[in-house]
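Keep the sequence and the structure side by side as you read.

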Amino acid sequence: MSIADAEIKPVAPPAIRVRLAGPRDSDALCDLLDDPKHAREQVMTWLANPAMTLLVAQSELGVLGVAVLVTRIVPRPEGSIHKVVEVDNLVVRADQRGRRIGRRLLAAAVEWSRQRRAVQVEAFVGDVNRDAKRFYESFGFAKSSDRLVLAA
Ligand SMILES: CC(C)(COP(=O)(O)OP(=O)(O)OC[C@H]1O[C@@H](n2cnc3c(N)ncnc32)[C@H](O)[C@@H]1OP(=O)(O)O)[C@@H](O)C(=O)NCCC(=O)NCCS
C-alpha cells in the first residue's frame, strides 16, 4: 500500500459499548478533561448530583468519552409537566476524536432520553465552539431561540 492510500483510509471506529458511569470511573473521567486543576472537583460534582447521568464510551483501551446529562422537569402553561434532557457536557478523549465516538455517545444519550419519555434533548454551545456546533448540527440538532440569559 502506498503512503497516499494509507492517508485516505478512514480510521475504523473502535469497538465500544456505552454504559452508565459510577464513582469507580472518577480517575478515568478526570483524565478526559482539559483542566487538570479543576477536573476532580468537576467530576465529583457530576457524580454526586442525582439529576445528572453520566454515560461513558468504554473500549478495551479504557474510557474514551463521556456524555453528561441533566434531567429537568419543566412545568407547562396548561398545568402539565414535561421532561427535558440537557447534554451538559460531551467530551471524547483528545487522541480518539474524529472516530465517531462522540456521535455514538450522543445517540446513546438520545436513546436514554427517549426511554425516559423526555420530550426534548438540548445542548448549549457557545458561539466560539464552532466544531462542537457542527458536531451537534450534523446529528440533527437545530438552533432554538426561546432562551433568555443574563450575565451573573
Ligand atoms: C465535539 C466532540 C465531542 C466530537 O466528538 P468526536 O468523537 O470527535 O466526533 P465524531 O467523530 O463522532 O463526529 C461526528 C460528526 O460531528 C462533526 N464533527 C466532529 N468533530 C468536528 C470538528 N472538530 N469540526 C467539525 N465537525 C466536527 C462531523 O460532522 C462528524 O461527522 P463526520 O465524521 O461524518 O465528518 C469532540 O471533538 C470533543 O470532545 N471536543 C472537546 C469538547 C467539546 O467541545 N464538547 C462539545 C461541547 S459540550
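Sorted by class, the shell around the ligand holds 7 nonpolar, 5 polar and 6 charged residues. Here Ala, Val, Leu, Ile, Met, Phe, Trp, Tyr, Cys and Pro count as nonpolar, Asp, Glu, Lys and Arg as charged, and the others, Gly among them, as polar. Before going on, please note that this is a predicted model, in which local features need pLDDT of at least 70 and side-chain atom pairs count only at pLDDT 80 or more, while totals for chains, interfaces and linings use all residues. Residues are numbered from 1 along each chain as its sequence is written.

Which residues come nearest to the ligand? Of the 18 around it, they are Arg97, Gly102, Arg103, Asp131 and Ser138; a residue is near a molecule if its C-beta atom, placed from the backbone, lies within 6 Å of it. Strand S4 (81-92), helix H4 (101-115) and helix H5 (130-139) each supply at least two residues of this shell, and H5 gives the most, with 5 residues. These elements are DSSP runs numbered from the N terminus: helices are H or I, at least four residues, and strands are E, at least two.

Now follow the backbone into the loops. Most residues other than glycine have a negative phi. Arg100, in the loop between S4 and H4, has a positive phi near 70 degrees. Arg117, in the loop between H4 and strand S5 (120-123), also has a positive phi, about 60 degrees.

Are these two arginines buried or exposed? Arg100 counts as partly exposed because it has 17 C-beta neighbours inside 10 Å, whereas Arg117 has 8 and so counts as exposed. With C-beta atoms placed from the backbone, buried means 20 or more others within 10 Å, exposed 12 or fewer, and partly exposed in between.
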